Each structure stands twice: as C-alpha cells, then as structure tokens.
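Hi,

Here is the structure I promised to send over. Have a look, and my notes follow below.

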Amino acid sequence: MDPPRIRRVLSLGLPAAWGAAAVTYKLVCPLAQQNGLEARIVTSAVFFAVGTGLILHVHGTLLRELRQLREVAGVAQNALLRPLPPRVEGLTVAAGRLSASRGASVGGDLYEVAATDHGVRVVMGDVRGHGLAAISTAAAVLGSFREAAYEEPELPHVLRKLERALGRHLRERSRAEHPASGGVPADSPPAEEFVTVLLMEIGPDGEMTALNCGHPWPHRLSGHAEPVAGGEPLPPLGPFPLPAELSVLHCGSLLPGEALVLHTDGMEDARDAAGRFFPLRAALTEAVRVPPVAPQTVIRAVYAQLLRHTGRLPTDDAALLVLRNDRRRVPQQQGETVRRESTMT
C-alpha cells in the first residue's frame, strides 16, 4: 500500500478506534454502569481524553493539509511571477511585491523582463481587484507577453497580442461562470474587469520607448527620483478596444548608473490612519540619498517606509520593479559616427 493511502487510512481509522474504545468502555466496563461519584469522574475522564485526542488529531490533519496547500500555492505563484534574473543585458534587476490577499504572495500585479533581439522589454501591469480571479487574469496577460515580446519586432504588436489574450481569457471565464448565456453578460465580473499595462523597451543605447494603458508612469533615479512621462496614456485593456493607430512614446534615455522604477498604483494609493497617501517619490529619493543605487536596497527601503506609513499590509497589491543601467560607454573611435555601449564585466 502506498504511503498516501496509508495516511488516509490512519486519518480515518484512529478516530474510529478512539470512538469504539469509548463506546466499548461505556457498554462493557462495570465501572461505567455505576452511578457513584467515582464512576462518573472516571467516565468523564475517559470521554474527555477521547475528545481531546480527536481534537488534536483533526488539528494536526488540518495543519498538514494547510502546509500542503501553501506548498502548492507557492509553486503556482512562482510559476506566475517567477524570480527575475539579477542581470539582463547589462541591466541589474530586482523586484518586490506585497499582496493584499492573506496567505498569498501574489495577487493581481504582474511584471516581467525579457532580453530580446529588439531590446530589453519590460511589462508592469495591475489587474482590477485581487484574489484568485485576478491571479488567473494576470497569468493570461503574462503568458502572452512572454511569447509576444520575443516574436514581435514592434512594441504596438506586443500590446495588441496582450489585448487579444485578455479578451480570450475573459470570454472563456465568462462562459465557464455563465454557461447558459453563451456570452459575456453586461453585469458579470469578467465584463467589468480591466488591466492597466505599461510596456517599455530599453535599447542598447539606453533609449526608452513605451506604451501605457492607464498605468502609473515610472520614476528615474539619478541622485533623486523624477517621474518619467511619455505623454497621455491609453485606456486600460479590457473595457474598450485599442485605437487603430498605436504610436510609441519616447521617454528619454536611461544613462549608465541611473535606475528605472516601475510600480503599481497600490504603492501610491496606500494610506495611513489619517488618510494620507504614501509619498512614493519622496521615499524613492530617500532610498537613493547615499549612492550607489542598489535595486534590492531600494526595494527593501521603500517597502519598509510603506509598512511604517500604513501600519499594516496594504489594502491593494503593491509591486516594485527596479532596473539599473550598468552599461558603460565605450570611447568613440576615430571615424566612428555611432556611439556604442557594452556591458560591464
């Protein structure tokens, strides 16, 4: 007999054995048939011991099942937001997240970094709400990005694939939740769901381009934090179709030694007991007050300030992604008209 089956038999057999022992004592033991004080005390002790054993057994079983569920959830969460490599094409990378869902390390926030033939491509997104439904939607968007980022030469084509993947996911979820309707009811959760997405591409020379669908703009760290604004963002994915023409927005350059910080709105929307919003820009500036800018240090410092500010876990998922440009300029050679860059070793 295999070990899992043995454990199942024991989990059922032990309580049955204890219960049978208690019943046998009550029916067979002469002492249990007496009505004296001593007999009652012994009978109460027997049943108390059996009840305590049953409670401890159930408690232990529930703890084992909880540990198993957490292990499974951890594997699933790491498959969704898998650990990022520490370096990608000369960029040092670090990420952090806080989930508003108890017992989960991820929620509706999503991020990924991909080194492609077209440059380093980055996605940061935020699904409306949190919990299991938000996690499944984030998985659909991330899965599409991980394929399209390598295959599509243009950033707008990547965004259109994300839009189509989200639409398929919401339709399939709606059919599963409302099989009789055959479509997406106007008042169903999938019909109201949307995802904010920031797509960025960092070229070999540090030039940054972006497409923003309703997501907060990132910050550039260079001695202090300054917002990176590329123009008016598009609407979030989901409620409305993308425009026919998608023009990438130019966001300047990420120079060697500078860092780029992407985040979800759970950072800026976090409030303290008095209702004051978390000052993310000030927290980032404080985190890089002493150079050099270390991405992992920035994340630890900002999250520490966030938890001090709120005094508890945030009410919304909060994610941070930091990329530091560790490339260095190669001195221009005589006759060259193009500036080149290589990575530091």
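In which sense do strand E10 and strand E11 pair, and over how many bridges? They run antiparallel, with five bridges between E10 and E11 (residues 318–325); pairing here takes at least two DSSP bridges between two strands, and helices (H or I, at least four residues) and strands (E, at least two) are DSSP runs numbered from the N terminus.

Before the rest, some housekeeping. This is a predicted model, where local features need pLDDT of at least 70 and side-chain atom pairs pLDDT 80 or more, while totals for chains, interfaces and linings use all residues. Residues count from 1 along each chain as its sequence is written, and side-chain values use heavy atoms, without hydrogens and water.

Then the cores, meaning sets of buried Ala, Val, Leu, Ile, Met, Phe, Trp, Tyr and Cys joined through side-chain atoms within 4.5 Å. In the largest, of 25 residues, Leu159, Val197 and Leu199 touch the most other members. Helix H4 (132–151) gives the largest share, seven residues. Apart from that core lies another, of 24 residues, including Trp217 and Leu323.

Cheers

Key: Buried < 20%, exposed > 50% of the residue type's maximum accessible area, 1.4 Å probe, protein only.
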